[in-house]
Amino acid sequence: MEKDIYLKAENLKELLNKDPRIIKLNELEKKMNEDEEVMSLAYKKDMASVNYSDVLNHFSEESKEAQKALKELHEAKLNLDNHPLVKEYMKAYVEVRELYEEINKIIFANFTSKLCSKEK
C-alpha cells in the first residue's frame, strides 16, 4: 500500500509539472525575476515595509510618522501590483491556487468528512 501511494503521488507530481497553468505560472515568475522594473518596484515595496516597521518601533500607529510611512508602503505596493507582468502573474497564481485547492479537497475529502462527523 505504501508503494502504491508513493507511485500515485509521483504520478500526480508528473501531471502537475505538465499542467499548462503551472507551466505558465513558472514562466511568468521567471520573467518577473528577470524584469528590472519589477525587481525595482519589489525592492521599493520591501524597503517601504522595513521603514514602516522601523517607524512603528518608535511611534504609535496614529502618529504622523507612521501614517506617512504607511502611505508610502501602500503606494509602493500599489505600484508593484499594477505592473502588467505582476498582474498577469497574480491571475495565473489564482488559477493554480484553485487547482491546488481542488486537489486538496479530493485527496483529503475522506479525512475531512470523518473529522466533521466526529465534531458533531
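The model is predicted, so local features need pLDDT of at least 70 and side-chain atom pairs count only at pLDDT 80 or more, while totals for chains, interfaces and linings use all residues. Residues are numbered from 1 along each chain as its sequence is written, and side-chain values use heavy atoms, with hydrogens and water left out.

**Overall fold**
- The chain has five helices and zero strands; helices (H or I, at least four residues) and strands (E, at least two) are DSSP runs, numbered from the N terminus.
- The chain has a radius of gyration of 21 Å, whereas a compact globule of 120 residues would have one near 14 Å; the radius is taken over C-alpha atoms, and the globule rule is 2.2 Å times the number of residues to the power 0.38.
- Along its principal axes, the C-alpha trace spans about 60 × 45 × 20 Å.
- Of the 120 residues, 22% count as buried (buried is under 20% relative accessible area, exposed over 50%, partly exposed in between, with a 1.4 Å probe and protein chains only).

**Helix α2**
- Ile22, Leu25, Leu28 and Met32 are buried in α2.
- Seen down the axis, the buried residues of α2 fall within an arc of 125°, so they line one face of the helix; the arc is that of the directions from the helix axis to the C-beta atoms.
- Pro20, Lys30 and Glu34 are exposed on the other side of α2.

**Helix α3**
- Serine 49 sits in helix α3 (residues 36–58) and is partly exposed at 31% relative accessibility.
- Lysine 77 is 28 residues from serine 49 along the chain, yet their C-alpha atoms are separated by 9.2 Å.

**Salt bridges**
- The whole structure holds eight salt bridges (a side-chain nitrogen of Lys or Arg within 4 Å of a carboxyl oxygen of Asp or Glu).
- One of them joins lysine 8 to aspartate 4, with the closest N and O atoms 3.5 Å apart.
- These two, lysine 8 and aspartate 4, are four residues apart in helix α1 (residues 2–18), which means about one helical turn between them.
- Lysine 8 is exposed at 54% relative accessibility, while aspartate 4 is partly exposed at 40%.
- Aspartate 46 and lysine 45 also form a salt bridge, at 3.0 Å from N to O.
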